[in-house]
2 protein chains.
Amino acid sequence: MPIKEKNWKRSAKRFMHRRIRITQWLPEYNQDKFLCDMIAGVTVGLTVMPQALAYATLAGLEPQYGLYSAFVGCFVYAIFGSCKDITIGPTALMALMTYQQTFGRNVDFAILLCFLSGCVQLLMGVLHLGVLVDFISIPVTVGFTSATSVIIGTSQLKGLMGLKFDSSGFADNVRKVFVHAGETRIWDLVLGLSCIILLLSLRKIKDIKIGGSKPTRKQQIIMKTLWLVSTSRNALMVLTCSLLAYLLQPTDPTAESAFVLTGKLQSGLPPFQLPPFHTSFSNQTFDFTAMCTELGSSIVLVPVIAVLGNVAIAKAFASGDSIDATQELLTLGLCNVAGSFVLSMPVTGSFSRSAVNHASGVRTPMGGVYTGALILLALSLLTPYFYYIPKASLAAVIICAVIFMIEYEVVKPMWRSSRKDLVAMTATFVLCLAIGVEYGILVGVAINIVFLLYPSARPSIHVEQNTTASGISYLMVTLGNSLYFPAVDFIRASVGRAGIKQGASQLPVVVDCRFILGADYTAAKGIASLIDDFHKRKQRLLFYKPRAAVLSVLHGVGLEDFVHVNSQEQLDSTLKDVNNSGGMKYNDVELHNVTSNGQKEKEAEENSVPLLNEPNSHPV
Amino acid sequence: MPIKEKNWKRSAKRFMHRRIRITQWLPEYNQDKFLCDMIAGVTVGLTVMPQALAYATLAGLEPQYGLYSAFVGCFVYAIFGSCKDITIGPTALMALMTYQQTFGRNVDFAILLCFLSGCVQLLMGVLHLGVLVDFISIPVTVGFTSATSVIIGTSQLKGLMGLKFDSSGFADNVRKVFVHAGETRIWDLVLGLSCIILLLSLRKIKDIKIGGSKPTRKQQIIMKTLWLVSTSRNALMVLTCSLLAYLLQPTDPTAESAFVLTGKLQSGLPPFQLPPFHTSFSNQTFDFTAMCTELGSSIVLVPVIAVLGNVAIAKAFASGDSIDATQELLTLGLCNVAGSFVLSMPVTGSFSRSAVNHASGVRTPMGGVYTGALILLALSLLTPYFYYIPKASLAAVIICAVIFMIEYEVVKPMWRSSRKDLVAMTATFVLCLAIGVEYGILVGVAINIVFLLYPSARPSIHVEQNTTASGISYLMVTLGNSLYFPAVDFIRASVGRAGIKQGASQLPVVVDCRFILGADYTAAKGIASLIDDFHKRKQRLLFYKPRAAVLSVLHGVGLEDFVHVNSQEQLDSTLKDVNNSGGMKYNDVELHNVTSNGQKEKEAEENSVPLLNEPNSHPV
């Protein structure tokens with residue numbers, strides 16, 4: 001009994017360590033880690049504030065929703081997350097996908113989408129669908145992030161130029177920027193461009209080395225300061241611009257501000273309440289079903305793409321450790337479900353902020369707690385001051401964050417390494433821009449899978465004329481490793497053609513099945529037709545060394561004329577047998593006996609081969 | 001010059017024979033074939049007429065559109081088609097898919113869909129996308145035809161019971177039949193049920209054997225008559241019922257008929273005109289783009305599913321000959337494009353009528369010409385008489401045609417042979433019923449592909465501890481045949497785990513690459529990370545006998561620390577080398593030289609292996 005209990009306890013502990021990650025690292029938390037996490041957490045917090053306001057605008061929501069979305073994920077991820085660098089919150093991509101749902105509707109759709117995304121992610125986690133993430137290859141990821149960066153960048157042009165219009169997608173946005181170019185507000189543009197130049201310069205100053213390899217204490221302090229300024233450049237820039245806008249604000253309240261400002265924000269913490277399961281706007285009422293219908297495929301696409309982004313970031317920072325995709329799914333699901341109770345839009349891991357977190361020297365996921373706390377503080381105290389943030393400065397922050405996500409540098413190695421992958425990448429990139437990121441990803445994955453499946457559909461087939469020990473000629477047709485449905489017709493036609501080509505001689509055909517690892521029902525039916533074809537032509541057809549797994553599938557469909565041999569000697573005697581009897585013997589009982597006897601021997605032989613490409617046989 | 005010209009002529013002739021199939025068989029056409037084709041063609045013609053009227057109704061169109069759709073395909077297929085048995089025309093499935101587009105709209109959408117389907121099929125043919133048909137397995141086909149049969153069968157219940165309502169899909173239809181059951185018109189139900197019983201009985205009488213093995217001349221005539229009655233039972237039944245309805249028609253024109261009748265048909269041949277590129281209904285005007293938007297994904301799904309059906313039928317009747325999917329695509333495309341000029345809805349090969357054609361002894365595709373001619377005759381002369389066809393009798397004809405398409409008998413062999421396929425079949429069947437045939441097919445294909453891809457994502461990995469000739473222990477990790485993106489993380493994690501498991505001993509790890517046939521960019525990046533992981537752990541990692549194709553992909557991404565060996569001796573000396581030097585040497589120039597020298601040797605060895613699973617290497 002006590003041993004059993006101990007086992008139970010041990011497995012419970014293992015489960016807890018795996019699923020509630022904080023139990024792994026909290027016992028070893030110390031002052032040192034606290035300090036590192038604190039610095040990193042606060043820096044991330046200062047970065048997320050302007051980003052959150054900007055992304056909420058990008059999603060077509062009022063700016064405060066960005067802050068509402070930014071804190072819950074930090075807390076939840078600190079408890080369950082597996083990667084210390086990741087910070088959960090609103091991202092440009094999620095904002096963009098949310099925008100397609102809120103465009104012309106109200107905020108309730110964004111919040112319900114957040115809730116449903118969380119539910120879908122939890123469901124996927126429970127079903128262990130993390131394996132799906134493996135099907136998103138680097139070319140697709142690169143095409144997708146690059147396209148997203150371009151889309152986000154151009155979507156910020158209007159903010160940068162002080163323009164005001166609604167747009168629906170990349171092409172429409174570019175068109176409208178040109179159409180409205182005449183209405184550009186000169187001071188917004190000047191502010192925006194100055195911000196961009198400053199941000200790009202500040203980004204570089206952290207790499208400045210002063211004092212060579214052995215800097216003095218003073219030089220070290222200067223370098224540390226430069227690094228701090230560089231890392232918190234987004235927050236500093238927004239702060240400075242807001243101060244400028246505040247100082248330039250005309251005293252006459254009816255006069256126009258110099259810049260387009262963020263405007264009045266809802267002050268205070270968001271209410272804690274159930275996500276909206278019904279809503280109404282412009283005199284229409286939507287119940288839960290109607291809202292889901294409106295959200296459509298994004299209920300699946302948003303969570304899947306959120307996970308994709310999150311796992312991609314986790315992979316980037318994991319530096320060698322394998323990522324538990326299931327754990328990431330569950331954590332992200334919890335973040336979204338919890339977020340939807342405080343008016344959050346869909347959230348996921350942010351690439352730019354995770355990079356800031358990493359660069360700021362975070363040690364454990366506890367950093368997120370400090371970030372979250374800072375945002376809560378800002379929500380309760382700072383919102384009145386957000387009024388003065390110029391929109392052009394937020395646009396500049398976003399543009400400077402995304403231009404480095406356009407990954408043109410992978411093109412060259414990809415060209416040298418695998419040009420098919422370049423096709424997948426280009427298609428993903430172009431389609432993301434042309435018809436939408438969701439479709440771009442789907443088509444990219446589809447192209448990748450087509451390349452992957454091609455060998456299954458058109459396996460190699462090798463034909464040669466052989467002679468047995470006793471001098472009987474036969475045709476050996478060696479099949480590649482696929483005997484699954486896409487290849488069936490091809491194999492049937494190829495083997496048939498090989499048999500016919502011999503013309504009048506009508507040599508027996510032996511199909512070499514040694515390399516075939518598995519088969520399915522369609523294949524079995526195809527083999528049945530193949531046997532039939534040969535039967536009609538009165539040509540002999542034998543199968544050489546099929547594996548047990550293949551045999552069981554073939555026998556399942558009730559193949560009557562299936563004759564297989566398991567050694568060269570058996571092949572020789574079988575062919576001789578028929579030659580001597582001078583005719584065709586298909587349902588020869590004796591032959592069947594021979595094969596049944598040979599079966600055991602064959603299986604033993606097969607099991608000694610280490611390479612059995614069957615699932616769940618990983619002795620690792 | 002003359003030789004060149006001759007070659008040119010020969011290849012032109014071959015091309016013509018392949019693409020314009022009538023040139024193959026028309027020169028050998030004779031009186032004998034004419035007679036057979038004539039009988040079969042007329043029988044099919046009599047079958048198609050009631051079916052066409054019924055299917056047009058099923059598609060939500062006026063009945064004459066069924067006849068408009070029925071003749072062009074017959075003529076076109078006679079010229080280009082490759083399978084003598086197939087008759088092109090309206091089918092229950094196409095009707096069902098058209099209905100989803102015309103429901104609440106007008107006939108112009110159906111005709112434009114026909115035109116666009118044809119264009120898509122032609123495009124697919126030109127791009128040789130016939131290979132896509134291979135990805136539709138038997139389980140998916142079975143699940144799909146069975147579900148379609150159930151849907152069509154239930155959709156005819158309202159006609160059988162004399163009910164009148166609009167429904168949108170299977171579930172809605174079943175519900176409404178129950179809701180409206182109280183309004184059942186008793187005489188329609190009686191007529192419908194009688195028709196069904198009679199049709200099922202007539203179906204059987206052709207198998208009656210009179211006079212044993214040697215029938216007298218009289219007995220032969222009786223049997224031939226029974227066969228003829230049985231084969232033309234649909235036409236006979238509709239004829240009889242119409243006559244009955246005509247006789248029972250009240251003389252008072254305001255009085256109600258005993259049965260729900262087909263009603264007034266537009267008389268005469270359809271006009272020859274361009275398909276409608278704009279339309280208007282209920283005060284809305286639609287231009288071409290708007291119409292295409294309304295048609296949506298069906299512009300791709302309808303032609304694909306039409307081809308699927310057609311190729312499935314061709315396969316069923318080809319009896320061993322391989323099907324030229326490209327030719328079928330092109331022919332079907334032409335049928336649809338031509339049809340759209342005479343107000344046709346989308347058409348494809350009809351399974352039931354092709355079976356009738358086959359059973360009636362057709363010899364060449366010329367049979368279709370006689371069918372087409374008969375329909376043209378009916379359109380110009382017989383339409384006034386179609387008024388009296390009771391709808392219940394048409395419903396009975398369709399129900400009797402589809403109930404035999406429900407293929408429950410494959411379940412048992414599929415269970416024995418391959419249970420994964422049973423999963424795909426059941427999912428396809430259930431989803432076709434629950435959310436629509438298009439999605440059902442797509443999900444079925446997706447499930448099939450997932451099963452197909454699983455070994456690519458989770459290849460087998462076998463680990464064992466070996467010792468070289470000079471006694472150095474190492475870990476041999478043998479990989480399965482996939483080094484493509486879905487497997488990368490799995491392989492990286494597995495190899496990494498295998499290396500770590502050895503604990504302090506830190507044995508060198510040798511990855512056996514002999515079975516890996518190819519790689520891609522994502523895999524190369526994964527291998528780079530793997531090498532990095534080992535580098536950090538200061539553990540040795542070598543690759544054993546990678547193929548040239550794999551090597552070129554890996555080198556493309558610029559792997560610097562990649563060390564591979566091509567023989568046991570090389571492995572021994574490489575491992576010894578490092579052991580003696582007492583430390584790790586990763587960028588060892590000498591090692592690289594060794595591998596470069598071994599390369600040539602290896603490639604020669606590899607080329608002697610017959611089985612190279614690379615596309616385009618079919619020496620057949």
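1. A:I472 counts as partly exposed in this predicted model. The reason is its count of 17 C-beta neighbours inside 10 Å. A residue needs 20 or more to be buried, and 12 or fewer to be exposed, so A:I472 falls in between. A:I472 is in the loop between β5 and β6 (473-479) of chain A. A:L507 is 35 residues away along the chain. The C-alpha atoms of A:I472 and A:L507 are separated by 9.2 Å.

2. A:F135 is another loop residue to look at. The loop in question runs between α6 (107-126) and α7 of chain A. A:F135 has 18 other C-beta atoms within 10 Å and is therefore partly exposed. A:F135 touches A:V445, and also B:P486 in the other chain, leaving aside residues up to four places away in sequence. A:F135 and A:V445 are 310 residues apart along the chain. Their C-alpha atoms are separated by 7.0 Å.

3. On chain A as a whole: the secondary structure comes to 27 helices and nine strands. The chain has 620 residues, of which 49% count as buried. Take the contacts in chain A between residues at least 6 apart in sequence: 80% of them join residues at least 24 apart.

4. How are the two copies related?

5. Helix α23 of chain B passes a length check. This helix covers residues 485-501, which makes 17 residues. α23(B) is mostly covered, with 13 of its 17 residues buried.

6. A helix pair in chain B deserves a look. Helix α4 (residues 64-80) and α15(B) have axes that come within 9 Å and cross at roughly 145°. The crossing is right-handed. On the α4(B) side, the contact is made by B:S69, B:V72, B:G73, B:V76, B:Y77 and B:F80. On the α15(B) side, the contact residues are B:L330, B:T331, B:L334, B:C335, B:A338 and B:G339. In general, residues three or four places apart on an α-helix point the same way, because there are 3.6 residues a turn. By class, the contact of α4(B) with α15(B) has eight nonpolar, four polar and no charged residues.

7. B:H128 has a positive phi of about 55° although it is not a glycine. B:H128 is found in the loop between α6 (107-126) and α7 (138-155) of chain B. Is B:H128 buried or exposed? B:H128 has 11 C-beta neighbours inside 10 Å, so it counts as exposed. B:L343 also has a positive phi, near 60°, and is a residue other than glycine. B:L343 is in the loop between α15 (325-339) and β4 (348-349) of chain B. B:L343 counts as buried because it has 24 C-beta neighbours inside 10 Å.

8. Last, B:A235. This residue is in helix α12 (residues 233-248) of chain B. B:A235 has 20 C-beta neighbours inside 10 Å and therefore counts as buried. The cut-off is 20 or more. B:A235 touches B:L46, B:T47, B:M49 and B:P50, not counting residues up to four places away in sequence. B:A235 and B:V397 are 162 residues apart in sequence. In space they are 9.1 Å apart, C-alpha to C-alpha.

Technical notes. Residues are numbered from 1 along each chain as its sequence is written. Chains are lettered from A and ligands numbered from 1 in the order in which they are written. This is a predicted model: local features need pLDDT of at least 70, side-chain atom pairs count only at pLDDT 80 or more; totals for chains, interfaces and linings use all residues. Helices (H or I, at least four residues) and strands (E, at least two) are DSSP runs, numbered from the N terminus. The expected span of a helix is 1.5 Å times one less than its number of residues. Axes are lines fitted to C-alpha atoms, for helices over the stretch in contact, and angles run from 0 to 180 degrees between N-to-C directions. A crossing is left-handed if the near helix is turned anticlockwise from the far one by less than a right angle, and right-handed if clockwise. Two residues are in contact if their C-beta atoms, placed from the backbone, lie within 7 Å. Ala, Val, Leu, Ile, Met, Phe, Trp, Tyr, Cys and Pro count as nonpolar, Asp, Glu, Lys and Arg as charged, and the others, Gly among them, as polar.
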